[in-house]
Amino acid sequence: MPVLQIDDGGFRLDGEPFRILSGGLHYFRVHPGQWADRLRKARLMGLNTVETYVPWNLHQPRPDQFRMDGALDLPAFLDLAAAEGLYVLLRPAPYICAEWEGGGLPSWLLNEPDIQLRSRDPRFLAAVDDFFARLLPPLLPRLATNGGPVIAVQVENEYGAYGEDTAYLEYLADALRRCGVDVPLFTCDQPADLERGRLPGQLATANFGSRTAQNLAALRAHQPNGPLLSTEFWIGWFDRWGGPHVVRDPEQAAQELDELLANGASVNFYMFHGGTNFGFTNGANDKGTYRPTVTSYDYDAPLDEAGDPTEKFTAFRRVIGKYAPVPAEPVPDRAPKLALEPVTLAESSGLLDSAVLLGEPVRSAQPLTMEQLGQDFGFVLYETGLPAQGPALLEIEQIRDRAQVFLDGRPAGVLERENHEHALALDVPRAGAVLSVLVENQGRVNYGQGIHDRKGLLGEVLLDGAPLAGWTCRPLPLTGLGDLVFSDTAVPRVGPAFHRGSFELTSVADTYLHLDGWTKGNAWINGFALGRYWSRGPQRSLYVPAPVLREGANEIVVLELHSAHRARTVAFRGAADLGPTEE
């Protein structure tokens with residue numbers, strides 16, 4: 001592969017003028033069986049490059065563990081990009097934002113109570129060094145200087161919106177160089193943050209989605225010479241639970257693209273294909289009120305969540321064709337989708353009764369956080385005995401993020417961080433009654449100082465003003481459900497409970513799981529975690545990638561936290577429902 005060079009005149013590849021036409025495609029948000037399809041469609045839209053973040057928290061789930069296989073086989077993804085004739089912009093952390101859980105920072109860092117993330121805190125830098133030492137050696141053969149597709153590597157991510165310690169950025173750049181990264185480095189920031197976030201001597205780039213001429217001028221003011229690159233050219237947006245489904249007019253976005261390219265700039269669409277926050281991997285924002293992001297990362301992108309071309313694909317391809325050659329091949333058709341008869345989930349297993357099969361208890365005087373329990377995602381079940389019968393006020397200092405309260409297994413109420421709730425009136429049925437508090441991590445904050453976002457019950461738990469002690473803290477990461485015992489005998493329809501059903505297929509294709517009449521929870525198909533659903537919307541369906549299905553028998557498990565559909569049925573339909581858009 002040619003090597004990218006940067007001079008006062010712009011980008012060059014082996015001495016020839018070059019414009020980066022790139023699109024965001026996060027390998028960790030797409031089933032690996034679909035990587036090649038998405039990369040091919042990137043080329044067909046006229047792109048010559050793709051961009052991806054690297055999620056530290058998935059690759060290194062514990063300090064002594066590192067994964068680069070299966071859905072995290074980044075070298076295989078890079079090889080597929082090269083086979084498609086695409087270059088790669090690599091954005092390898094430590095922090096990625098991306099509306100991803102914790103901005104990609106591993107939760108075990110937060111087991112240090114006073115650690116300062118994204119700083120020169122020695123504990124943080126030591127962890128970064130260890131991560132780079134594990135991540136980068138398999139990637140070095142994929143650098144353009146070694147014949148691979150990776151033409152440039154990013155240092156940090158939008159750091160100017162967080163801090164202004166240039167020495168921290170210099171440390172990260174030096175760390176990349178020490179590990180053998182010898183392609184150009186770059187930073188990216190929103191225009192107002194360029195002064196704080198840029199690294200002298202390295203390429204500065206800007207993130208924006210409108211006011212193109214104004215924002216390019218701001219970038220040029222900070223960088224008088226060299227190429228102009230919008231590393232995140234926002235052509236859509238993400239959704240949060242309880243909000244609308246955000247969309248952007250294709251023609252308006254195409255006009256902004258046209259203006260950007262007419263000014264001679266390079267571009268990376270954020271996103272070309274958004275994909276999905278499978279499992280528990282969505283992030284959240286907290287600017288005074290906690291707002292978790294939905295499962296779908298469709299982003300109103302040129303390829304929708306299922307990888308089908310949208311109006312933006314055609315509009316952007318047309319604009320790109322004014323400035324660069326585009327393949328003569330036609331726009332790909334939408335892939336076929338499955339639609340099935342309703343599936344009954346006839347077997348159930350109560351979560352509170354099954355908790356002993358899902359996690360080992362840890363006893364503590366006070367509730368332990370998820371990080372203290374060595375847990376990344378999922379739920380924690382906290383239990384203790386109550387001293388007396390009768391009315392009582394339960395107060396919890398901090399709830400991260402949503403707590404369902406039970407007395408002797410009976411629902412007593414819900415407390416939500418999003419609604420700033422901390423207290424609940426109880427009617428304790430007897431002395432010695434078991435107080436159970438099931439806490440859901442709805443996604444660690446991925447932006448701003450809120451990234452120091454520990455989960456579970458934080459601080460004191462009081463009953464009528466007196467601290468409750470003697471807790472059992474049981475982590476429920478729900479990474480495997482194989483030990484659950486299901487029964488088709490009567491299980492209360494009111495959760496929390498797992499519900500299981502099966503269905504037969506003669507062929508496989510993408511489909512969408514619709515949970516009309518269900519309330520809130522998670523879904524798995526053949527053990528693959530699809531993600532969260534919630535009746536509050538906007539998202540009303542979950543994307544099911546074809547590779548997780550199989551011919552013959554298939555299994556679906558739904559964890560319903562509240563009230564299941566009265567007939568315990570779900571539907572597989574051929575179209576997504578991401579909810580109503582803004583008026």
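These legends go with close-up views of a predicted model.

**View 1. W56 and the largest nonpolar core.** This core counts 114 residues, and W56, F124, F269, L478 and F498 touch the most other members. Zoom in on W56 and, leaving aside residues up to four places away in sequence, you'll find it touching A93, P94, G104, L105, P106, W108, L109, F124, A127, V128 and F131.

View 2. Ring pairs tie W56, F66, W108, F124, F131, F132, Y159, Y162 and Y168 into a cluster. Over the ring of Y162 sits the charged end of R118, 4.4 Å from the ring's centre.

View 3. The model has 30 aromatic pairs. Here's an edge-to-face one: F208 and F233 sit 6.1 Å centre to centre, with 85° between the planes. F208 belongs to strand β9 (residues 203-208) and F233 to strand β10 (residues 229-234), so to speak distant parts of the chain, 25 residues apart. Both F208 and F233 are buried.

**View 4. W237 and Y299, a tilted pair.** Ring centres lie 6.4 Å apart and the planes meet at 45°, so W237 and Y299 count as tilted. W237 is in the loop between β10 and α8 (250-262), while Y299 is in the loop between β13 (290-292) and α9 (311-320), 62 residues apart. W237 is partly exposed at 35% relative accessible area, whereas Y299 is buried at 3%.

**View 5. K520 over W534.** K520 lies over the face of W534, 4.5 Å from the ring centre.

Technical notes: Residues numbered from 1 in each chain as written. Predicted model: local features only at pLDDT ≥ 70, side-chain atom pairs only at ≥ 80, totals over all residues. Heavy atoms only, no water. Core = buried A, V, L, I, M, F, W, Y, C linked by side-chain atoms within 4.5 Å. Buried < 20%, exposed > 50% of the residue type's maximum accessible area, 1.4 Å probe, protein only. Contact = heavy atoms within 4.5 Å. Phe/Tyr/Trp six-rings, centres within 6.5 Å; stacked < 30°, edge-to-face > 60°. Helix = DSSP H or I, 4+ residues; strand = E, 2+ residues; numbered from the N terminus. Lys NZ or Arg CZ within 6 Å of the ring centre and 35° of its normal.
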